[in-house]
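Student: I would like to learn how to read contacts, domains and interfaces from a model. Could you take me through them one feature at a time?

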Amino acid sequence: MDLRYTDAQRAFRDEARQWLAANLPTEPLPSFDTVEGFAAHRVWERTLHDGRWSAVSWPTEYGGRGAGYIEWLIFEEEYWRAGSPGRVNQNGIFLLGPTIMEVGTDEQKARFLPTMASSEIVWAQAWSEPDAGSDMAAISSRATLDGDHWVLNGSKIWASRAAFADWCFGMFRSDPTAERHRGLTFILCPLDAPGVTVRPIAQLDGEPGFAEIFFDDVRVPLDCTLGEVGGGWRVAMATAGFERGVSLRSPARFTTAADRLVALWRLHADPADTALADAVTDLWIRAQGYELHTYRTVTDIGDGKPIGAEASLNKIFWSELDLEIHALAMHLLGAHAELTGADGSATWVKSFLFSLSGPIYAGTNEIQRNIIADRVLNLPRGT
Amino acid sequence: MRFAFTEDQQAFADGLGDLLVGECPPAVVRAAWDDGSGHAPDLWARLGDLGLFSLLVPEADGGMGGGMVDAVLLIERLGAAATPGPVVEQLIAAPLLGGTPHAAAAMAGTTVLTATPTLDAPVPHAGMADVVVTDGALVTGSVATPVPSLDGGRQLATLTGGTTTPLDTGDLTDRMALAVAAQLVGVAASMVTLAADYARDRHQFGKPIGAFQAVKHHLADALGAVEFARAPVAQAAWSLDEGLSTAPADVSLARVLAATGAEQAARSALQVHGAIGYTWECDLHLWMKKVWALQAAWGDTSSHRRRVGRWLLAGDGPVTPDGDTLPSFERLR
């Protein structure tokens, strides 16, 4: 065990810090769930890419730095500490990208990864359907083979970023006769293809962070199939593993939020209120716990021990931690918490609203608990 | 940066774990409870033979020269077996006796040590201990009067008389606080395992109760509470070994997570067991009572949380006096 960063890792941190200081937008960008904000975030992603910071852990041939996971964690720490913009292409870079690297063909890697790293193409996820949320294997949108094309029909909902994104990924039922997990295929689809209709849905903050996507005889070439035909479930589980594990939510988000909570406590709290001080301290401790756990996990991954169903423990931990940090911040803000203008609390209120989605997205926490019980604790499956 | 135990450390812990499966089953723990001694003499001798008590003794004094990083995995295993007697106290305190007449016997386990933060309250394991180590002193030749104790494997006794000799005990308090945290991680992990085993066996409504989501979710949450304490315990051990200025805060951080996780695991395990878990006959209480008995050992959760809080919210913590935050991870540099 050696918890000191190497000289190279410190140099990497310094390089990231200096680059961010020199290149970060001077004014906060508008929300990426607005037309102008989406465009501004795409420009920012391009800037990140030009500095080769958009996908630091990816191989250099696809626009990354070939950096290790520890370096990726370091970059994330610097990124969130500096108050940098949210990642508009996170569905691509952190979820689909690693999945393509694992199961994609060489042709698919060359075709999709570089434009993903540069955000020339921004990706939306298309997991849920109106009748398939937690029960994802109930997917009924169809993919029918027609020569060298799939023909897609059906609809997806709660598709993050789909209102403005360029492509989406999701599962389609390619074999209606197969057992329900087996008849699914993972397909990538441009959102400007003929027959695609996108209906934006306003989220809790009033902005169209979601969309419903309708597919009416949408023709997609077969080379947009990721993994094997009928093998979509396994591919999706790989994606979900990245999502719930470490890639989507590095600890830096939460340690940064906890540090900011401490700063907020200093501004607003009565130090004589020891219960409040204890609550702030406790959340800060838990954020540190998540960070330390992640450093241990990425060391294991580097040693070739893959992250399995334990990833679900992470997802529950960070989502509940994030929600509690923001809920306490709302208490600390007091009467300011209902002011959503530019008087200083707007950022907290917006991130509080976002934190409420944590226990729901990427698989509800109830589903995560079932996964832990079934696959880690080996409890009998429910009926 | 490398956050992992070595293969040797893992192998030593696994070896100890295997030994405890054979030598420290619930029947042995119960025997130590039932005769009022809190002592398992045969097990004690085996652990001494294994060299456990020489782990932290410097090589120059004939020990293994290990550090807290080496120790915490072993202590987890001791907790996991609900090991009775002052095994952890002996392991942590033995290196402090170098240069005293007790050094060799303490390392072998033939002189029994216990450790306590204060002599003004009942001392755990004092009835079987030859030497009591406390902050800045060692005590010999006192008379121990047993007092009824919640955890029969941690029998308390009041001390009268005896000879007190000054002793440089260094960071004993932090080492013991961390040892308690490591023990609690092991205790909690065993309770989750016991409850999961029970949930597979016990049938109601025609199926194992572990098939019901209410039961699954209790145990999933308990497992999470345990797992997220492991890395902080390891990190605090490393901080102590490296003599970092943040070590006290790191110890307290680990102690808070381990103790709250263990309390949650105890409640969940009891709830999953139902009425049988509420009996003396069921082994679960051998672990649950250790959780409750250790809650206040070497500082309780509240005092450890406030020690982090004092460091965090005022003074030396990661927030500057003008309210600017310094990132948490600077601690790791």
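Student: Which residues is A182(B) in contact with, leaving aside its neighbours within four places in sequence?

Tutor: A contact list is read by setting aside the sequence neighbours and looking at what remains. In this predicted model, A182(B) is in contact with V72(B), I75(B), E76(B), G79(B) and V233(B) once the neighbours within four places are left out. A182(B) itself is placed in helix α7 of chain B, residues 172-201.

Student: Is A182(B) buried or exposed?

Tutor: Burial is read from a neighbour count, with 20 or more C-beta atoms within 10 Å as the cut-off for buried. A182(B) counts as buried because it has 29 C-beta neighbours inside 10 Å.

Student: Into which domains is chain B divided?

Tutor: Start with the bounds, then turn to the boundary between the parts. Chain B has domain 1 at 7-166 and domain 2 at 172-332. The C-alpha centres of these two domains of chain B lie 22 Å apart. Across the boundary, 23 residues of domain 1 of chain B are in contact with 28 residues of domain 2 of chain B.

Student: Which element gives the most to the side of domain 1 of chain B that touches domain 2 of chain B?

Tutor: Look at the contributing elements, then at the classes of residue. On that side of domain 1 of chain B, α2 (26-34), α4 (68-80) and α5 (87-93) each supply at least two residues. α4(B) gives the most, with 9 residues. By class, this side of domain 1 of chain B has 15 nonpolar, 3 polar and 5 charged residues.

Student: What is the strand order in the open sheet of 3 strands in chain B?

Tutor: The order in chain B is β2-β6-β5, with antiparallel pairing. β2 (123-124) and β5 (143-147) of chain B are at the edges with a single partner strand each, so one side of each has no neighbour in the sheet. β5(B) pairs with β6(B), residues 156-160, over 5 bridges in the antiparallel sense. Within this pairing, the bridge partner of P146(B) in β6(B) is A157(B).

Student: Why does the radius of gyration of chain B agree with that of a compact globule?

Tutor: The reading compares the value with a rule based on chain length. A compact globule of 333 residues would have a radius of gyration near 20 Å, and chain B has 20 Å, so the two agree. The C-alpha trace of chain B spans about 65 × 60 × 40 Å along its principal axes. Buried residues make up 57% of chain B. Of the contacts in chain B with a separation of 6 or more, 67% are between residues 24 or more positions apart.

Methods:
Residues numbered from 1 in each chain as written. Chains lettered and ligands numbered in written order. Predicted model: local features only at pLDDT ≥ 70, side-chain atom pairs only at ≥ 80, totals over all residues. Helix = DSSP H or I, 4+ residues; strand = E, 2+ residues; numbered from the N terminus. Buried ≥ 20, exposed ≤ 12 C-beta atoms within 10 Å, placed from the backbone. Contact = placed C-beta atoms within 7 Å. Domains from an automatic or database assignment. Nonpolar A, V, L, I, M, F, W, Y, C, P; charged D, E, K, R; others polar. Pairing = 2+ DSSP bridges. Rg over C-alpha atoms; globule rule 2.2 N^0.38 Å.
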